[in-house]
Amino acid sequence: MLPLIVLLVTIKGLLMALTRRQFLTLMGGSAGAAVFFQACGVPEKELFIDSPIEMPEDLVTGLDNWYATTFKEGMSSQGIIVRIMEGRAKKVEGNTDHPLNRGTHSSSAESMLQLLYHPDRIDAPLLRTGQRGSGEYKEISWEEAIDRLSSQFTSLEQSGEQDKAVLVTDPVNGHLGMVVKKFVSATGIRHMTYEVLEHTTLIKAMDEVFGQDNIPDFDIDNASLVLSFGADFLSTWVSPTRYSRGYGEFRQGHEHRGKLIHIDSRFSTTAANADEWVYVNPGTEGVLALSIMKSIVDSGQVSQDVIEALFDGNSSLLDLYKPELIASFVGVSESKIKEIGDLFVKSEHPIALGGGTAGAYTNGLQNLKAIYSLNHLKGNVGHKGGLVFTPNSPIEGLETTNTNSASEFKSLIDNISTGEIKLLLLKDADLYYGLPDSFGFKEALFDIPFIVSFSNMKDDTASIADLILPQNTLFEDWGTDVPLAGPGYQSVAFQQPVVRPFFESRGDNLGTKSFPDVLMTLSQVLNKNLDLSGDTFLDVLKDGARQLFDLKRGTIQASSFQEFWMTLLARGVWCDVNEKSINNSYVGKVETVPEAKFEGDGRFNLVPFASAAFYDGRYAFAPWMQAMPDPISTATWQTWIEINHKIADELNIKEGDVIEVRSSNGGVITALAMPNPATPPNILGIPVGQGHRDGGRYAAGRGSNVLSILGTNFDDKTGALAWASNKVNITPTGEWIRVPKFENSVPDFPRDEHQQIVEISTGNNNHVGH
Amino acid sequence: MVTELHNHPQWGMVVDVDRCTGCNGCVVACQSENNIPINLEEHFNQRRAIQWIRIERYWEGEFPDVKARFIPILCQHCGNAPCEPVCPVYATYHNDEGMNVQVYNRCIGTRFCANGCPYHVRFFNFWEPEWPESLKNQLNPDVTVRSRGIMEKCSFCVQRIQRSTRESERDSVELKDGDRGLNPACVNACPTNALMFGDWNDSESAISQIKEKESYPGGRAYGLLENMGTSPNVIYLKKVDESVGSSNGH
Amino acid sequence: MIPGDFRTPKPNKNQLIKMAFAGLIGLIVFSGIVVALTFVLSSWLGQPIIFGNEGPDQPIAFPHNVHADQLGMDCTFCHRTVEKEAAASVPATGLCMTCHSDVGDGLEEIAKMRSLYDDDRSIQWVRVHRVPDHVHFVHEAHIRYFTAEEGIESSQVCSKCHGDVKNMEKVKQVEPLKMGQCVDCHKQNNAPTDCATCHY
């Protein structure tokens, strides 16, 4: 309509030789008329009401229902409830019944909504048509896809080469773990578990120090002192939502405010929240821990029993770690070491915990062992305000996979290069992204004849796969969860579909499917008996629920199984707070800590850190997470380098300068400099999470992947990737990009050094608000 | 008039800065609940990103004596709001329940209100919000999607207040303090429980009790920029730092 | 006054063509304005001002007069959530089929509906009453108020805004349903006139 009016007025104008002023007046008036027309326009689809066919009680416009499910996150999980309106997931909130998060939830849980409705989700099995990595695929049916996959298996079996097939998954537990384990043993293929930022060293430390096979629940809520080495537990380490909940109580939940001392070579979010951040030289955390231990032992407040258990009666090995001897080595003053030791021993409920950078050197395991042994000095294992391990789950047959170390993956890649791997299956294991370039996976993958990925968002590894079988997102799937970092008593969380599969309308032969169901179907096609109690994954789950029902204890008990099952799904989790029987008597011996070895002789120690927004890169697809400001730098959408502001001045580097970071193995990435006053002068902090090859429109080609430049350095004992052991050099490129950050979007609040506030007394009117 | 006001709940919040870890969980929860446009890189670069609740990080000192402080800032729903009298079309006003209401359909986008807000919690839609078609499935039908040219800000999730009060009246069930259907999205999300929501008029509510407990000289309660006379409905509890001088510690 | 003052020179050919053209354009513009005004006025009133208001054609010509008047069915039998939720809700085809799986053989509209039901396809009703997106209207609160206040049945409240639907063969909008009407009724009934009641 508008162009017509413009045309008419123009013609009129030409004919009557209007002055410019008259012309503009007429145009303005006509534009006004145009607004009327546009404003009256309502999108056609809003003029229709589709009536439902049957009468689902919850498909009424405006009616909301909340369904419980579980969001699995690495070693931990969060119980969530999802608001469903007209069959669509609108909001995630925490499930108050879940023992770990108790009604709170993290931004990563919220971002799962954007995974469910992501515009770049894969909606059918894809078969590669172009070159590997070209991104050219064509859609095929599930029938054909299973066919192709099973023929791969069959041909391998015929030549007796089943072990030349490898299934790599993320850490799986519960019934999914059970199905994976049974599938692997029935077909004879290999199985490996991959974590980009692995916890193998931490779990080994738990085994050697406490004799346990899981990560304890740190009862921060009731602790009086938390001594944390390197573990950014308030932001990204293991179970940040649960620890944050504990931290809230720790601070203001009871009369005695707890004290948090964070020891780290980088100023992390936990360091920012700590009462005290103690800088420690990279790789020396274990030495520092032993020195603190020495100071504590010397105070004479440790019982002889403990000395006996820890040192076989003779603590002389600690003489090497006298504070005065190692102070300059660790970069912490003698008085500070003694002060910390003093605080620890006098504290009623202290917790010592370590992870993150502390475990990411070649001496990582020894560091962590020294750190965790501090807990034995106060005997806080299994007690309130201490470390509480979780007993095994009551359901039989549940399996939790153990993460394979990076060195095992290096061996796998070596095997690939010699042509020993014929088939690679990947589920939520982004090897292409997570393994450093120096491992050689990016080249070796061309020696694998067939790669299959179960990714639903085309992670980097899927983008080079030959066959993509998209799996359901968590909101569309069944499952059980028994996390490795449990709540300290028996619990089994259930995951149920809260929406119909988003691509259901594509039919049975297209769309997404549940990964365990695909494995079970595949095994039927291959004529393998998985020895499971049902034909579908849901049947297997129900069987597990039946075992819980038969226990007749815990938070959910019912008279019939149907009632139990309904209540279980409504509540989302079954637990038994009384079931915490576990043997806490083991005390691992204290050992010396060797020096950490670093690669390269660059000026800076590179500390790649799990970013609050993306963790290890897995949430980069979500625009909410891309736009979430990092707590320390407030940067978004890009990869930045934390560098000390004085050093930056010295090197003439300002915020936004595009810097090249070079590691000694030839790896180079570029990122934007963000000088800050907290980064130690010898440290360079770069967040993990960007630099994806694909991952949807919000993640593809954005930022840099700092993991790619790491070297093949492993923990001496566990073979885990020693990701903090690189020394790098930087070169400004001369370019500058404005860093998209939230800071300075609004002026700072004026800060009054004298904290002048209006006197508030209970006498006069002190209404706030009126 | 005053007695009438006492019949209505006066909604307010308590923010415990000592508990806040700066995780930004509240920020994302708010964006999910309130159909906030996706903040793209250009939006941050132009300093026009919209975050109804934000975490501000302040540096103190430098390495090795350095601290970073986090504080969540949201609309204070001021009793004496500088944003209310300046709107030429009365698109923002103070309602009987103590909240500063933004009426989207009246707003003509003069941005005078944002000009006056000392907390900088008002945001203008400089661009038409866009979502890819499939992401629109996530939008909350209880919240109006604002188009270009409209001011928006934290509403204490008024849609939740309306829904909860209506449903409690319909079902004749009393609405209890701390009801999770009533709480704003940020309050429910916060992992450390640093945010609390409630009714100032209810002396038994959690927030009233905290205010009672911490409002004494040397206590932790304070209002943000309260010496400006805005009468905020949000009380902040100071962070405790034992290493700082005794003038403001416990 | 001078002789020849009001004598306009006879237009020459060029000028004639120009004037004719301008006249034609003027006519088009004028009719355009008339159309626009009709559009705007109709929009303002909430119903068409020319062509009469007979209500939109629906995919299945459901007669309310047959069901609500002749058969005496209650409004809430089909519009079930009006006493509980914000939306009154259009009933599922399954509800229709509770009777019409047997009743109505031979009627074309019933046949249409049955075939849609059998194909698992929903009926795309054309919306008659619509308030803008920025208005959150809640049926339940209004039903609750009037049934308590006037001691009437829920279905007797419906006609206050929807008119005499019982006697409509084709549903049409009879009330403008503009904000003025809402606020007037709220003021009369001491209901909240706080903006945040509906606009959030």
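A salt bridge is a side-chain nitrogen of Lys or Arg within 4 Å of a carboxyl oxygen of Asp or Glu. By this rule, the structure, which is a predicted model, holds 75 salt bridges over all chains. Side chains of opposite charge can pair when their charged atoms come close.

Some of these pairs link chain B to chain A. Across the interface of these two chains, 10 salt bridges are found. In one of them, B:Asp142 is paired with A:Arg83, and the closest N and O atoms are 2.8 Å apart. B:Asp142 lies in the loop between β6 (123-124) and β7 (151-152) of chain B, while A:Arg83 belongs to strand β3 (residues 76-85) of chain A, so the pair joins two chains. A salt bridge is also formed by the side chains of B:Arg163 and A:Asp64, with an N to O distance of 3.2 Å.

The size of an interface is often given as the accessible area lost when the parts come together. For chain B and chain A, the buried area is about 7500 Å², with 56% of it on carbon and sulfur atoms. The contact involves 85 residues of chain B and 91 residues of chain A.

Chain C also meets chain A. Here 32 residues of chain C are in contact with 22 residues of chain A. About 2600 Å² is buried between the two chains, and carbon and sulfur atoms give 69% of this area. C:Ile25, C:Arg127 and C:Arg130 together supply 18% of the area that chain C buries against chain A, more than any other three residues. The number of salt bridges between chain C and chain A is 0.

Within chain A, several pairs of helices pack together. Two packed helices are described by the angle between their axes and the distance between the axes. Helix α5 (residues 174-187) of chain A packs on helix α17 (residues 515-525) of chain A at an angle of about 25 degrees, and their axes are 10 Å apart. This angle makes α5(A) roughly parallel to α17(A). Their crossing is left-handed. On the α5(A) side, the contact is made by A:Leu176, A:Val179, A:Val180 and A:Phe183; the residues of α17(A) in the contact include A:Phe515, A:Leu519 and A:Met520. By class, the residues of this contact are 9 nonpolar, 1 polar and no charged.

Helix α5(A) also packs on helix α18 (residues 537-551) of chain A, with an angle of about 120 degrees and axes 10 Å apart. At this angle, α5(A) is oblique to α18(A). The crossing of α5(A) and α18(A) is right-handed. A:His175, A:Leu176, A:Met178 and A:Val179 of α5(A) meet A:Phe537, A:Val540, A:Leu541 and A:Gly544 of α18(A). The residues of this contact comprise 6 nonpolar, 2 polar and no charged.

Another pair in chain A consists of helix α9 (residues 285-298) and helix α13 (residues 364-378), whose axes come within 7 Å and cross at roughly 25 degrees. The two helices, α9(A) and α13(A), are therefore roughly parallel. Their crossing is left-handed. Residues of α9(A) in the contact include A:Glu285, A:Leu290 and A:Met293, and those of α13(A) include A:Asn367, A:Ile371 and A:Leu374. The residues of the contact of α9(A) with α13(A) are divided into 11 nonpolar, 3 polar and 1 charged.

Notes:
Residues are numbered from 1 along each chain as its sequence is written. Chains are lettered from A and ligands numbered from 1 in the order in which they are written. This is a predicted model: local features need pLDDT of at least 70, side-chain atom pairs count only at pLDDT 80 or more; totals for chains, interfaces and linings use all residues. Side-chain values use heavy atoms; hydrogens and water are left out. Axes are lines fitted to C-alpha atoms, for helices over the stretch in contact, and angles run from 0 to 180 degrees between N-to-C directions. Helices (H or I, at least four residues) and strands (E, at least two) are DSSP runs, numbered from the N terminus. Angles under 35 degrees count as roughly parallel, over 145 as roughly antiparallel, 65 to 115 as roughly perpendicular and the rest as oblique. A crossing is left-handed if the near helix is turned anticlockwise from the far one by less than a right angle, and right-handed if clockwise. Contact means heavy atoms within 4.5 Å. Ala, Val, Leu, Ile, Met, Phe, Trp, Tyr, Cys and Pro count as nonpolar, Asp, Glu, Lys and Arg as charged, and the others, Gly among them, as polar. Buried area is the accessible area (1.4 Å probe) that two parts lose on being put together, summed over both.
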